[in-house]
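Student: I would like to work through this model with you, one question at a time, and to have each term defined when it comes up.

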Amino acid sequence: PPIDITSAYAKYDNETYETKFFVDVVVKYLDHNIKADAMNLSMENNLASLKRNIFYNHTDTNLIADMVEIDLLTKESKIFMNDVNKKVLIIGKN
């Protein structure tokens, strides 16, 4: 299935295919929705990095974090806070 990415601004490099998205970034994939302030998409590294004010929504889970990294090949994700003293907030819907 396709991944839809929208933002107010984007910068695309024709040579490296690197894309940087800024302001009101929204990523939609199936029933997964992520909102962020910025996103870097690296085709060379097969990596999507979402930064600042991450709000993730799925059918039964909400999540708030500072950073999300997604391996585009394996779909493995790393979710973390920039401050080691803060924790990712996960809210389950019942």
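Tutor: Two strands are said to pair if DSSP finds at least two bridges between them, and strands (E, at least two residues) are, like helices (H or I, at least four), DSSP runs numbered from the N terminus. This is a predicted model, in which local features need pLDDT of at least 70 and side-chain atom pairs count only at pLDDT 80 or more, while totals for chains, interfaces and linings use all residues. Residues are numbered from 1 along each chain as its sequence is written, and side-chain values use heavy atoms, with hydrogens and water left out.

Student: Which residue in E6 stands opposite Ile 54?
Tutor: E5 and E6 run antiparallel and are joined by 10 bridges, and the hairpin between E5 and E6 passes through two residues. Within E6, the residue opposite Ile 54 is Ala 65.

Student: Which residue of E7 is opposite Glu 69?
Tutor: E6 and E7 pair in the antiparallel sense over four bridges. They form a hairpin with five residues between them, and Lys 75 in that turn has a positive phi of about 70°. The residue in E7 that stands opposite Glu 69 is Lys 78.

Student: What is the bridge partner of Thr 61 in E8?
Tutor: E6 and E8 run antiparallel and are joined by four bridges. In E8, the partner of Thr 61 is Gly 92.

Student: How many nonpolar, polar and charged residues are in the lining of the largest pocket?
Tutor: A pocket is found on a 1 Å grid over the protein atoms alone, as an open set of points where a 1.4 Å probe fits, with protein on both sides within 12 Å along at least five of seven lines, and its lining residues have an atom within 4 Å of a point. The largest pocket is lined by 20 residues, of which Val 27, Tyr 29, Ile 34, Ile 70 and Ser 77 lie nearest its centre, and strands E3, E4, E5, E6 and E7 each supply at least two residues of the lining. Ala, Val, Leu, Ile, Met, Phe, Trp, Tyr, Cys and Pro count as nonpolar, Asp, Glu, Lys and Arg as charged, and the others, Gly among them, as polar. By class, the lining has 15 nonpolar, two polar and three charged residues.

Student: Why is the pair of Tyr 12 and Tyr 17 called tilted?
Tutor: Rings of Phe, Tyr and Trp (its six-membered ring) pair if their centres lie within 6.5 Å, and planes under 30 degrees apart count as stacked, over 60 as edge-to-face and the rest as tilted. By this rule the count comes to one aromatic pair. The ring centres of Tyr 12 and Tyr 17 are 6.4 Å apart and the planes are at 45°, so the pair is tilted.

Student: What is the relative accessible area of Asp 24?
Tutor: Buried means under 20% relative accessible area, exposed over 50%, and partly exposed in between, with a 1.4 Å probe and protein chains only. Asp 24 lies in strand E3, and its C-alpha atom is 22 Å from that of Met 43, which is 19 residues away in sequence. Asp 24 is exposed, at a value of 59%.

Student: What is the phi of Arg 52?
Tutor: Most residues other than glycine have a negative phi. Asn 46, in the loop between E4 and E5, has a positive phi near 50°, and Asn 46 is partly exposed at 24%. Arg 52 lies in strand E5 and is partly exposed at 45% relative accessibility. Although Arg 52 is not a glycine, its phi is positive, at about 65°.
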